Amino acid sequence: MKLKLLASLLFLAPAGLSVAGEEIPDNVTRYVDPFVGSTNFGTTNPGAVCPNGLMSVSPFNVMGSNLNVWDKDSRWWSTPYCFENKFFTGYSHVNLSGVGCPELGALLVMPTAGPLQVDYHIYGSEYSDEYAEPGYYSNVLSAYGIRTEVSATTRTSAERFTFPAGESHILLNLGEGLTNETGAMVRKVSDTEIEGMRLLGTFCYNPQAVFPMYFVMRVSKTPVASGYWKKQRVMTGVEAEWTPDNGKYKIYTRYGREMAGDDIGYWFTFETEEGEQVEVQMGVSFVSIENARENLEAEQKGFDFDAVRAQASARWERDLSKIRVSGGTEDQKTVFYTGLYHALIHPNILNDVNGEYPLMENDGVGTVPEGQNRYTVFSLWDTYRNVHQLMTLLYPDRQLDMVRSMIGIYKEWGWMPKWELYGRETFTMEGDPAIPVIADTWFKGLKDFDIETAYQAFIKSATTPGAQNRMRPDVDPYIERGYIPLGVFAADLSGDNAVSHALEYYIADHALSLLADSLGHAGDAARFKEASLGYRHYYCPEYGTLRPLKMDGTFYSPFDPRQGENFETAPGFHEGSAWNYTFYVPHDIKGLAKLMGGKKKFVDKLQMVFDEGLYDPANEPDIAYPYLFSYFKGEEWRTQKTVKMLLDKYYRPEADGIPGNDDTGTMSAWAVFSMMGFYPDCPGEPHYTLTAPVFDRIELTLDPEYAGTDRLVIEKDGDGYIRGITSGGKPFRGFRIGHHEMLQGGHLVFDCR
């Protein structure tokens, strides 16, 4: 599916950097296909966004023309867009990418023509001529012949609609969206400007995690008429004041102050000439309407859609060209750069241009220090495994601000984030994931943050009794016994995930022990190192897997280690089977192998996971499994073979080219690292396991302030298994390399002849 072929024609690259006799082209954005991952539950969308920007503008097509209920509820839609759907009901503003629960996807802007309609079942349209590139999306609405285009700055949108001759409209629907929360307000400011707010939240059905989003919207042409609409209750015995074609939606034509409710909207009507363009701008803020207006005025000087698009494209080119590759196929380059693109969507800048942001779990407003940014959308159970390691390597200034944001969250709320969303903690998934993120950042030389406060936060979550512990509510048996039995804690519909919880704590405590040691806390280092080895309690020799334990310390029965492989509930495990979790102790692989009876039995069992389809490429606990073979001398070829197989099978330049939820870039970051030939398989440890890269040459542009060098070059000679490796021109022994060691060498060469 060459959805991006047009981009190559539109943006022919000039001669680029010459490397080893081959031109590495400029304009690497031509290899990004924003449609990748937009089906097969990848839950990405092809909308316009800037790197780590607050604003994103996505086509919204999850509602069908013949539906009276949300289509998203029938298939657990958690994205505003699905590639197969072709019924467009507007552009949603501020969206999540790759997540597994519905949220945001609100402030729907829709252009129409002909008689005014405000019921989305009626005004929605099929579409054609769909095109997307980083920072830009467009289509043509079949029902109206309207061409729509959108782009974005960090905090604002730019939209351009090319209308036919006659009566045309721009609608702002404040009632629909992906969020399970309701309620909005809109106020007319002038003939061409409106302002308001929309209540959002309850991500993954946390009923208290709600938050407001404020907006200011402007149109470039003065309308001939405008007004509000509202969905009415069914009335009997009273003559309706609205037209039958608009059903239960009442259109207000002589009211111009403000309106609030669950299903409301605002409409602008224009008389347009054939081909006339009307532009729309929207600024948003999570602090106030005034800040939304200030964001809009700061980031867009008047209406200039082409300038916004060019700026967004330039920002993506700057960020994506941090890595230049040569060799490989066109499809592989598309997979690679699209993966890097997806990994740079979240986390998002939260603060406004004046530095203000909503305090964590607090009604107040904070202000970031000048030159820094506050970030949000910390899907840490996902991103602690590889996204933050990628940020540390390539975008260290942003990673530092993300760490500072986490520490700020602790100062404001008393706990580090787990799955934070716009100043609210959703408590989604498990573990204590901020620990390995911040430890990894610290060990890799990014130290311009308050490590002592971070350490204080880590000790608090690791030792506070469960009744008062917001991060580890089942910590008491974990501390007392070294494991968590079934029956202690179950917070959501996924059931009792005792083993999954404990495994996450083991990884966090391993990172904490390393950090404690580096900070001179020897007693804490020993304590948490011992705690991190508690996974041994769960090992069951009868099955050769980890197995849940009951309150009395005996193994749970009846037990089937394959239960959960089809995403059904399995006691002890979250969204997986025992086989998805048994090797999930990356900090003590040699110890696990010893429990299993030695290297051969470990390798045989791990190979069986892949041979019998027990590996789940779409779920985080086992995504590092391919790299575990390389912990054992003579078995490294299995890592190389398996990584190549997984890349070829699950990552393709197609709409279904990501193996399930992208999880705010985590699955994409797996592909980016794997294609470069190194992967951070143990979060919190500043090391990588090596494998054969996909490309002949990879050049990474680095920040010498943090990396000690301005580039890292990786080369491959041949396409077979690795026969030898050199680093900095010297032979390198083994397949695991330290972060600083790799950067100091500056040049990795893989002999794969």
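Strand β31 (residues 678-679) and strand β32 (residues 687-690) run antiparallel and are joined by two bridges. Strands count as paired if DSSP finds at least two bridges between them. Helices (H or I, at least four residues) and strands (E, at least two) are DSSP runs, numbered from the N terminus.

Before I go on, the background. This is a predicted model, in which local features need pLDDT of at least 70 and side-chain atom pairs count only at pLDDT 80 or more, while totals for chains, interfaces and linings use all residues. Residues are numbered from 1 along each chain as its sequence is written, and side-chain values use heavy atoms, with hydrogens and water left out.

Back to β32. The bridge partner of Y679 in this strand is T689. Strand β32 is also joined to strand β37 (residues 736-738), by three bridges, and these two run antiparallel. There, Y688 has I737 of β37 as its bridge partner.

Next, aromatic rings. How many aromatic pairs does a search of the whole structure find? The search gives 41. Rings of Phe, Tyr and Trp (its six-membered ring) pair if their centres lie within 6.5 Å; planes under 30 degrees apart count as stacked, over 60 as edge-to-face and the rest as tilted. F610 and Y615 are a tilted pair, because their planes are at 35° with the ring centres 4.8 Å apart. F610 is buried, at 12% relative accessibility, and Y615 is buried too, at 10%. Buried means under 20% relative accessible area, exposed over 50%, and partly exposed in between (1.4 Å probe, protein chains only).

F673 and Y688 form another tilted pair, 6.3 Å centre to centre with 35° between the planes. F673 lies in helix α20 (residues 666-676) and Y688 in strand β32, so this pair ties together parts 15 residues apart in sequence. F673 is buried, at 0% relative accessibility, and Y688 is buried at 0%. Elsewhere, ring pairs link Y228, Y252, Y255, Y266, F268 and F270 into a cluster.

Rings can also have a charge over them. The test is that NZ of Lys or CZ of Arg is within 6 Å of the ring centre and within 35 degrees of the ring normal. The charged end of R309 sits over the ring of Y136, 3.6 Å from its centre. For K460, the charged end sits over the ring of W415, 4.3 Å from the centre.

Now helix α4 (residues 289-299). Its buried residues are I289, N291, A292, R293, N295, L296 and E299. What do they pack against? The list is β11 (156-163), β13 (184-190), β14 (193-201), β15 (210-219), β20 (276-285) and β23 (356-358). Contact here means heavy atoms within 4.5 Å.

Last, the cysteines. A search of the whole structure finds one disulfide, a disulfide being a pair of cysteine sulfur atoms within 2.5 Å. C101 is joined to C204, with 1.9 Å from S to S. The link of C101 and C204 is right-handed, with 90° about the S-S bond. C101 is in the loop between β6 (91-93) and β7 (106-113), and C204 is in the loop between β14 and β15, so the pair links distant parts of the chain, 103 residues apart. Is C204 buried or partly exposed? At 27% relative accessibility, C204 is partly exposed, whereas C101 is buried at 7%. C82 is in no disulfide, and the nearest cysteine sulfur, that of C101, is 17 Å away. C82 is buried, at 5%.
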